[in-house]
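Colleague: I would like to learn how to read a model like this one, feature by feature. Could we take the elements in turn and then the chains?

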Protein chains: 2
Amino acid sequence: MHEIRTGFGDILKRQLELAERNYEFLADRGVRAINVMGAIGSGKTALIIQMAQRLQGKGVRVGAIAGDVAGDDDYRRFQAAGLPSTVINTGDDCHLDAHRVGHALEEFPLSAVDVLFIENVGNLVCPADFPLGTDQDLVVISVTEGEDMVRKHPKMFAQTDVIAINKVDLAEIVGVDPQRIVEDYRKVNPHGRAVLTDAKSGRGVEELLSALGF
Amino acid sequence: MHEIRTGFGDILKRQLELAERNYEFLADRGVRAINVMGAIGSGKTALIIQMAQRLQGKGVRVGAIAGDVAGDDDYRRFQAAGLPSTVINTGDDCHLDAHRVGHALEEFPLSAVDVLFIENVGNLVCPADFPLGTDQDLVVISVTEGEDMVRKHPKMFAQTDVIAINKVDLAEIVGVDPQRIVEDYRKVNPHGRAVLTDAKSGRGVEELLSALGF
């Protein structure tokens with residue numbers, strides 16, 4: 001599942017090298033990393049905590065990195081959940097990059113984790129172009145964002161093989177049919193897996209872990 | 001209210017010149033433009049249509065530009081609402097910029113409108129750094145995105161004097177207190193106006209128009 005994407009051609013060459021270095025750094029330490037992307041408020045943090053708790057129940061040790069432009073809200077949620085964790089504040093940047101993640105990995109207690117969730121900055125555009133050196137990608141969207149998420153961001157969905165359609169408990173209230181999103185996703189990524197989740201209740205979390213190969 | 005922001009220093013110099021040109025272009029034609037920013041799915045399109053309908057009722061002619069990475073969903077919604085409109089697809093870019101908007105303005109039937117809403121690409125990070133040459137900015141956030149929106153994007157909120165906190169009808173269901181968002185906003189922008197809205201029912205739309213000076 002190791003695959004380094006290209007986006008801006010030569011401009012990204014240095015980032016690709018750094019991503020490759022992160023990948024090797026994690027592999028040498030036996031850590032499997034997952035780049036969790038999605039719009040702001042889609043439920044990435046809540047879903048990571050749900051997955052972490054279930055994995056911990058199976059004896060898998062889980063850590064998390066919170067990526068945000070500013071603030072430590074998500075980091076504090078990871079801490080409250082008892083996860084080894086850190087925060088990367090990007091300042092003006094709309095995405096994590098391999099350079100920032102590399103520095104965070106150097107400081108992270110990797111010997112204490114088997115799986116590391118790296119929560120990217122909340123938007124569906126920029127993170128698509130910056131590989132971090134993770135083993136897998138996961139995109140989280142919320143039904144509250146509307147039915148047109150995939151149509152508005154085909155690139156992100158075409159290159160991501162597992163997506164969570166979150167907050168499905170609100171689908172009826174907001175008048176969104178999750179199956180429409182699944183159909184759009186299938187068009188751009190016929191082999192991808194779309195899982196309906198509700199991070200608050202835990203619905204779909206086991207299925208999502210299964211889709212990720214756990 | 002005309003104010004050109006700086007972000008990346010010299011790198012943005014060309015964009016600032018183009019924004020200035022857009023501002024003059026619009027002013028010469030008597031068109032007041034509003035840059036509507038906010039995360040994907042926050043309800044920008046619905047809120048613009050609500051404002052447009054109320055303004056039209058007062059004899060104000062309204063047009064709209066839909067900015068998206070890909071797709072024409074929002075454009076078709078503007079068309080269905082009977083608004084003179086066009087779409088700008090940015091491809092890989094996470095924001096509109098003055099250059100793209102300038103070309104769109106050249107083609108737009110500006111003689112048919114008094115007010116032009118320019119709906120930016122849906123995210124709360126990148127649009128903050130790219131002035132378009134509009135008279136005003138508006139940021140739309142949704143309570144479904146969580147309580148920490150302002151803390152995660154202080155820059156966007158510090159420089160925007162009117163914000164809409166949308167989907168307040170869902171506040172209780174998602175367990176978010178809009179007043180917490182208002183308090184965070186006051187900290188970074190003491191003179192800003194935060195209006196609670198529900199674009200679906202029209203709640204708060206009149207107050208939002210008043211906050212924008214209509």
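**Reading the strands, a helix and the chains**

Modeller: Strand S5 (residues 136-142) of chain B is a place to begin, and it is mostly covered, with six of its seven residues buried. Keep in mind that this is a predicted model.

Colleague: How many bridges join strand S1 (residues 32-38) of chain B to S5(B)?

Modeller: Five bridges join S1(B) and S5(B), and the two strands run parallel. To place the pairing on the model, find B:Val36, which stands opposite B:Leu138 in S5(B).

Colleague: Which way do S5(B) and strand S6 (residues 162-166) of chain B run, parallel or antiparallel?

Modeller: S5(B) and S6(B) run parallel, joined by four bridges. Here B:Ser142 stands opposite B:Asn166 in S6(B).

Colleague: What should I expect of the side chains along a strand?

Modeller: In a regular strand they alternate between the two faces of the sheet.

Colleague: Which residues in H2(B) are buried?

Modeller: The buried residues include B:Lys44, B:Thr45 and B:Ala46, then B:Leu47, B:Ile48 and B:Ile49, and also B:Gln50, B:Met51 and B:Ala52. After H2(B) comes B:Gly59, with a positive phi near 85°.

Colleague: How many residues does each chain bring to the contact between chain A and chain B?

Modeller: Chain B brings 28 residues and chain A brings 28 residues. On the side of chain B that touches chain A, helix H5 (residues 149-152) of chain B gives the most, with three residues. Sorted by class, that side of chain B has 13 nonpolar, seven polar and eight charged residues.

Colleague: And chain A as a whole: how many helices and strands does the secondary structure come to?

Modeller: Chain A has nine helices and seven strands. Its radius of gyration is 16 Å, close to the 17 Å that the globule rule gives for 214 residues, so chain A is as compact as a globular protein of that length. Along the principal axes, the C-alpha atoms of chain A fill a box of roughly 45 × 40 × 30 Å.

Colleague: What share of the residues in chain A is buried?

Modeller: Of the 214 residues in chain A, 53% are buried. For the contacts in chain A with a separation of 6 or more, residues 24 or more positions apart account for 73%.

Methods
Residues are numbered from 1 along each chain as its sequence is written. Chains are lettered from A and ligands numbered from 1 in the order in which they are written. This is a predicted model: local features need pLDDT of at least 70, side-chain atom pairs count only at pLDDT 80 or more; totals for chains, interfaces and linings use all residues. Two residues are in contact if their C-beta atoms, placed from the backbone, lie within 7 Å. Ala, Val, Leu, Ile, Met, Phe, Trp, Tyr, Cys and Pro count as nonpolar, Asp, Glu, Lys and Arg as charged, and the others, Gly among them, as polar. A residue is buried if 20 or more other C-beta atoms lie within 10 Å of its own, exposed if 12 or fewer, and partly exposed in between; C-beta atoms are placed from the backbone. Two strands pair if DSSP finds at least two bridges between them. The radius of gyration is taken over C-alpha atoms; the globule rule is 2.2 Å times the number of residues to the power 0.38.
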